[in-house]
Structures are given as C-alpha cells and as structure tokens.
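Please read each point with the model open.

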Amino acid sequence: MDPEMHDLRGRPVIVGAGVAGLMTALLAPEPVVLVSRGPLGDFSSSILAQGGLAASLATDDSPELHCADTLAAGGGLCDERAVRRVVEAAPEAIDRLARLGVAFDSATDGSLRLGLEAAHSRRRIVHAAGDATGRELVRALSAAVRATPSITVMEGWDVRRLLVEDGVIAGLLVAGPAGAALLATGRIVLATGGVGGLFPHTTNPLGSFGQGLALAARAGAVIADPEFVQFHPTALASGTGGALPLISEAVRGEGATLVDENGDRFLAGTPGAELAPRDVVARAVWRHRAAGHGTFLDGRHSLGASFERRFPTIDRLCREAGIDPAHQPIPVRPAAHYHMGGIAVDAEGRSTVPGLWACGEVARTGLHGANRLASNSLTEAMVSAGHVAAGIAAAAPREGISPRAAVLPPAPDVSAVRPVVARALGIVRDGETLSHAIAMLTPLATGGGAAADPALVALMMAVAARRREESRGAHFRADFPGQAVQARPSLLTLDQAFSAAADPAIQFPLARSA
C-alpha cells in the first residue's frame, strides 16, 4: 500500500529537534512543521552538551580574538567570512536565548559567568546549570516551541527519504506511529545532528549516525569534508563501548590535568598542555593508551571538594561509575564527538539542491574547518538558525506538489557498519585500512538493506579520508603525517563517492559547493 500523502500547503518542514531545529522553528516568521524521532530533544546530542556557548563578552575579549582562535584551531580549512559572521553575532545569540528563558550561570555581581576551554585565549564560554548547558537549552527552547501556535510538532516520526522531482525538493517520506506517510513540501530544513553513532565509542546518542547526510546525499546534495571527525579526548572510560559520558573540557579549563597510572603528567611538554587543540590532546591520549598506559583526568588539587558544586552532572556520572572525582582521578579515553564535515551550505544554509537547507552539526558552514574550537557548535547552531529561518521565508512556497510515491526503506541499522568504521576512521588512519573499509562498505551502501544509509555515510567519509593524503586537524594519516601546503576542502556527491570507491585512480573534479 502506498503511503498516505499529506499536502502541507507550502509549509516548510524542519527535521530534527535538537537546539538547531528548535531555534530554526522559533525564528521562522511563518507556520512550520517540526519532525522529531521522539519527544522534543530526547534523541539529540544537544541535550547531552556539558560545555556552553562561546561568545566574546568579557572586557578583555573581542570578536577579533574569538575569530583568531577559531581560525588557528581550524587547520587552514575555515571560511573566514563564515567565522566572522558567527563570532560577531554570538553575543546577540546569548541575549536571545536569555530572553527565551535560558537560565545561564551568573557570577556574584550578576554578570554571566565565563569559563575557559581548550585553544581559547580568553574566558568566553557561557554555561547553564554548571555542566548541563545542553539540557537547559533544550528545556527552554522546547517549552517555547510548544507554546508557539504556528509550529506543528510531529513527535515519534522518522524521516526515511527526501523526495526530489526534476532536481527540486518535493517532499519527504516518514515512518511513525500510524505507519508510513508522504509529506508534500518544497522546503525542507535538515537539523539532524552528527555521526558519532557510527563509532563504537562516542559521546553522542547511538542513533546519531549521520542520517541527515544520507538523506541529503541520496537527494543529490554535495557533502563537504566528511573525513573530519573530532574525537573528544576525555570521555569517561566506563563499560566496553557505546555512548560514553563526557568529561567536559571545562574541567581542564579549571585546572585538572591528564595523568597516567603513575601520576605522570604526559602532556606537560606539549604546547598548551591540557588546553591544546582537541585533536592534539586526543592523539596524545590515544598514543599513551596504545603504549599500554592508563589515562586519567585529575582534578583533586585544582577542584577538590568544589568539584560537585562546579560540575554537578559530571560528579553524578562519576559517582555512578564508582569514582569520587574530588578524591580520585577519573579514567578517560577519546571518543567520537563532533563532525566538522556535513552538507555543503552557503551563508543562508542552502544546500546544492533547491528547496533543501541544513542547520547545526549536519551542515558544513566553514566555521569549524578541520578541527572545531570548543563550544563554537552551539553558538553556530543559534546564529545559523536565524539565517536559515530567513532563507526559507524568502523562498517562494510551492503549493499543489504531488511527489511520486516511493517505497519506504527499512529502519536503519548501524551494527554492521560500526566495526568497519572503528578500524578505518579512528584517530589515526592509513590508506590500506581505508581501502579495505571502502571495499566492505560499498556493497552495504548500494544494497537496499537496513545498513544502507549508515554504510553510505561511512563510505563517503572513508573515500574522502583516502583521498586526503595529508594530516590536517582531526584527520591524521600515519602514512602521510605531514600537512599539505595548500588546504583544500573535500566536496563529494553520491555518484562521485561510488566512482572513487570503484576506482581510486579516478580524479574527478571537485564538486560545486553550495
């Protein structure tokens, strides 16, 4: 039986209910439909965010300094115009969130309390509820969405395919409590988050495996820099795998140090030490573990008894794992955390497919480059949501759309893909392992089974990683440890990825970006 078609009468559809999707819906100056896989925010990485939002609010700070720090961390792949656009708008984004009811942490004088994180030259991280910023953002934004009559919320619906007619967005195929449905619309915003769920160790929800990238790629969109995955150096090393609790970088910002089982501070000789860029710290932790050492975050001397008050969520997570962080070092390990790559978009969030926008982690705006500066992601989501909302409003609505019926694909299953990703796309990579992974992923991605979409995302990541024969930012090749003189983005379409998978010698031209 064909899915029932619903004509949305020109209303845009926003897919994803993390902070990017929620804010885009709130800023849209017209009625919109917000589609969420579960209750608002519950399946998003946003709700897990412990760090805050980076903004130049201190008297000794400025957008210029924030911009310089972002560019320095980005490994030559940042788009400076995109960086300046975000850092200059960041203070207003904080004000907007406060007006929406977000309760940011304040100092005793009433000013916002500002934290320090890695590779920032100033204290500029705005937090809420100590180390539960994401939960507070989702709480306030979800409440605002539910109180906005112009936003229709569809909870418990999973988007399986975008529908394209004559190269233009025509709708989306969804599965939900009432079965399959076809939503006819000419304007779609993807705000579906990252790819951490592809990895066996991640700080993301396991369902965040890049479904938005698969949807966009199958619709014909260009994907940019998919090989750049940021590994957070300090996830709580508990259990055997899966979603790991994050030990926020803010703990290191308050003076905690990385030590091994002997108490030796193994980053002491590294420029920046514990507050070096994340790719540097993550590789150092990985190498120390590979050499047979344990790795721990020690906050006993810098925080001690104040740990619980400053970081209540982390304190609770540690105690649940049998660790008292005020008196014991915390066992940590790197884990997949953030995807710098994504759907190639322009300054207004438009992809290369007319009618398709992207916002948040699923989009590659040029802000993060090869290595995201800590706490820039929530800021980017808030700033970009305004541009995307304005962009969809400026696009003429298409009514009377009647997309052709499509077969509902099975619910995605990432289990067959994770072992391949673990071997080939971790912190240190090499060409031979990447080629082997591509050979294993291609039949999964081209098949019609449950592994097809996760395998497609991993395939595009692996193809781009094999083609990038250098080490830059979060992408490190053991067989090409040097950095190329010229920084060039990776731009891939679905057809190009399959062509390169079949024949690595093919030198296709760079795809057009948004």
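**Notes on the predicted model**

1. The coordinates come from a predicted model, and every point below should be read accordingly.

2. The length of H4 can be checked against its residue count. Helix H4 covers residues 133-146, and at 1.5 Å a residue its 14 residues should span 20 Å; the end C-alpha atoms are 20 Å apart, so the two values agree. An α-helix has 3.6 residues a turn, so residues three or four places apart point the same way.

3. Because 15 of its 16 residues are buried, H13 is largely enclosed by the rest of the structure.

4. Helix H1 is also mostly covered. It comprises residues 19-27, and eight of its nine residues are buried. These are Val19, Ala20, Gly21, Leu22, Met23, Thr24, Ala25 and Leu26.

5. A record annotation deserves attention here. In an unreviewed entry, UniProt lists residues 12-29 as a "transmembrane region". In the model, the chain over residues 12-29 is 50% helix and 17% strand. The C-alpha atoms at the ends of residues 12-29 are 11 Å apart.

6. Which strands make up the open sheet with mixed pairing? Four strands take part, in the order E1-E10-E9-E8. E1 and strand E8 (158-165) are the edge strands, each pairing on one side only. From one strand to the next, the twist averages 25 degrees.

7. The parallel pairing in this sheet lies between strand E1 (residues 4-7) and strand E10 (residues 179-184), which are linked by four bridges. His6 has Leu183 of E10 as its bridge partner, and Asp7 stands opposite Ala184 in E10. In a regular strand the side chains alternate between the two faces of the sheet.

8. E10 also pairs with strand E9 (residues 168-176), in this case antiparallel and through six bridges. Val174 has Ala181 of E10 as its bridge partner. E9 and E10 form a hairpin with two residues between them.

9. Strand E8 runs antiparallel to E9, and seven bridges join the two strands. Leu162 stands opposite Leu172 in E9. E8 is mostly covered, with six of its eight residues buried. E8 and E9 form a hairpin with two residues between the strands, in which Asp166 takes a positive phi near 55 degrees.

10. A further open sheet has three strands, in the order E4-E6-E5, with antiparallel pairing. Its edge strands, each pairing on one side only, are strand E4 (53-54) and strand E5 (114-115). Two bridges join E4 to strand E6 (residues 125-126). Leu53 has Val126 of E6 as its bridge partner.

11. Is Arg252 buried or exposed? Its relative accessibility is 2%, so Arg252 counts as buried. The residue lies in helix H6 (residues 249-253). Beyond its neighbours within four places in sequence, Arg252 is in contact with His232, Pro233, Thr234, Leu258, Glu274, Leu275, Val281 and Leu297.

12. Ser377 belongs to helix H10 (residues 376-394). At 15% relative accessibility, under the 20% limit for burial, Ser377 counts as buried. When neighbours within four places in sequence are set aside, Ser377 is in contact with Tyr338, His368 and Arg372. The side chains of Ser377 and Arg372 are joined by a polar contact of 2.8 Å. Ser377 and His387 are ten residues apart along the chain, and 15 Å separates their C-alpha atoms.

Note on methods
Residues are numbered from 1 along each chain as its sequence is written. This is a predicted model: local features need pLDDT of at least 70, side-chain atom pairs count only at pLDDT 80 or more; totals for chains, interfaces and linings use all residues. Side-chain values use heavy atoms; hydrogens and water are left out. Buried means under 20% relative accessible area, exposed over 50%, partly exposed in between (1.4 Å probe, protein chains only). Two strands pair if DSSP finds at least two bridges between them. Contact means heavy atoms within 4.5 Å. A polar contact is a pair of N or O atoms within 3.5 Å; within protein, one must be able to donate a hydrogen and the other to accept it, and residues adjacent in sequence count only if both atoms are side-chain atoms. UniProt positions are given in the numbering used here, feature names are shortened, and annotations may be inferred rather than shown by experiment. Axes are lines fitted to C-alpha atoms, for helices over the stretch in contact, and angles run from 0 to 180 degrees between N-to-C directions. The expected span of a helix is 1.5 Å times one less than its number of residues.
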